[in-house]
Amino acid sequence: MDRSKLYRRFRTLLIANRGEIACRVIRTARAMGLRTVAVYSEADRDAMHVALADEAVLLGPARARDSYLNVERLIEAAKKTGAEAVHPGYGFLSENAEFAQACYDAGLVFIGPTAEMMTAMGSKSGSKALMEKAGVPLVPGYHGEAQDDATLAKAVEKVGFPVLVKASAGGGGRGMRIVRSAAELGPAIVSAKREALAAFGDDRMLIEKYVDNPRHIEVQIIGDSHGNLLSLFERECTLQRRHQKVIEEAPSPTLNAAQRETVCAAARKAAGAVNYVGAGTIEFVSDGKDVFFIEMNTRLQVEHPVTELISGVDLVEWQLRVAFGEALPLKQDEIKLNGHAIEARVYAENPTKNFMPSVGKISTWRLPDETGGLRIDAGYREGDAVSPYYDAMLAKMIAWAPTRDVAIDRLNRGLEESDVRGIVTNIPFLSALITHPKVRTNAIDTGFIERELAVLTSAAPAPGELELCAAVAAIVNEERQVAQGEANSPWQTFGWQPVGRRQRSFAFRVGHGPEQEITLNYGSGPSTLVIGDRELAFAIAPKDGGFDLTLDGVKSSVAAVIDGHELYLRTRNGRFDLHWVDPFGGESEEHVGEDKIAAPLPGTVVAVLAEEGAKLDKGAPILTLEVMKMEQTLRAPYAGVLKSIKCKVGDIVQEGVELAVVEPSGE
């Protein structure tokens, strides 16, 4: 292979990705003086990464297979714009050896390892065989080529339950199932293979002994074309949901200095087995005593910012310099660990509804400034649309501090000061997670979130006196802003009138709960609010994103968003959604039945799990949808008979479409 085609200087970089990582790469590339080219699907015409790049090329329809996964169109886009190099980001084609080879064949520099390195390390089964030969410790399991049911079942019998069935070409928790009994094995393999084929185009499986109460520890490595290979410390990624990382931190609070050096040395040994060039991550699982190799990711990781913050290294810049053919600028002993960093992945999803993805237009996007150790890598802005076609991650919030406790506090403050509306996000869930006492003391394992889910998704507190007063203030503040056309008129100044006093009544409701009333008194004297038998002196001072509310001499900062009669408030007590009851009456509530078996989001029917006429227990699976690259199983809302199924495998269904009808048993 011609090394001059592999590593050379270039001027124009095409980013073969979207969202947060495309924006992240564009920023560093532009800071290095490079010209950037974005690619986009029809669903992403107005996306943030398209706006940031110097040029952008339409790839095709919204579906990833017709756009971001279309190798031919990506190569064509590079040629059309004069791009000399391609950065794959993570996900999509980032670990696809055929894409790396296609770039080389087209004369493009691929920002990553060669196709040969990717093939050797990107396959979970192939890399395990390589690591076994190199003497890197492995989790007991099966990673052979034979994929028939009998071979897999025999491997499971040899390893012993529980086992992990996982996609050989997988990542991000897709195509992965925990199996604890023989009865679960067959359905788990079928489901994992189907999900893996849809996500990666490859349904090969491997079997691993499932380590109970495991910790997930990974090491960032990077190599250059001059034979230098470095590790940049380790990350702890134990807080996961459905094998998908949620919180990542560096360094690992689990390891001491000696253990850190041992696992980093093992990672360098693993990458050295293929003379690795580029950025990559060696992933390990720990049972609390030993550390076992599980896989290598031959790309940049989502969680790379925590490594950057503790090492002072811009990994994207180093990736690009390695691709230029330069030597890494530091030696191993020159890389120093400084402080602690922790990252939270902000997703468009509803934690109270089994983390169902949320789609729609972002009507409000307010995140804190990147100061005081806070960093935000975002891929969306106010007004952007979140579509059902791609991963639901909106942004990453990362905090650095000299110590872990302070880093957690800084991250939590950043989350608490974030307001995203128009879609549902996991921000409150993330805040509850990182402040959980067991997370603080690092008493966790990869099953922690599932065990603590009820606590982490507990109902929001009921609005109190402060929130009801803030709701009135929000309405009055908005009305005053509407009247700013005559800002200098005393009649537009809240509460002013020459003589007399007036009253105005408000009523608010949370969900389908009872109405709560509050009265505003205003006029020639100070304005007051009356709740029950309490009367409170009241004043507001508008500011960006909300106002300062003063009640009886105590000033509080309030964030507010009003959409018609729906109010969102953030006070010192948390986040609240209130409905302002129409003061003129005439409201009619439409109660949407929770029992309707309908598509929660646009998706594809990938499995029908019950037959018409079948008797079903409450919670019995009926059908499975693929939504945002993840499978969602719809279940019977109550015991009864499956009267009809209104779809078939392969159907593309829209949100709200009824897919099945269950007739209650009447019990």
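The following exercises, with worked solutions, concern a predicted model.

Residues are numbered from 1 along each chain as its sequence is written. Local features require pLDDT of at least 70, side-chain atom pairs count only at pLDDT 80 or more, and totals for chains, interfaces and linings use all residues, while side-chain values use heavy atoms, leaving out hydrogens and water.

**Exercise 1.** Determine how confident the predictor is in this protein.

*Solution.* Begin with pLDDT, the predictor's confidence in each residue, from 0 to 100. The protein averages 91, and 94% of the residues score at least 70. Next, consider residues 488-493, where the pLDDT is below 50. Beyond near neighbours in sequence, this stretch has six contacts (heavy atoms within 4.5 Å) in the model. Where pLDDT is low, the predicted coordinates should not be read in detail.

**Exercise 2.** Decide whether phenylalanine 355 is buried or exposed.

*Solution.* Recall the cut-offs: buried means under 20% relative accessible area, exposed over 50%, and partly exposed in between (1.4 Å probe, protein chains only). Phenylalanine 355 has a relative accessible area of 4% and is therefore buried. Finally, note its backbone: phi is near 60°, a positive value in a residue other than glycine.
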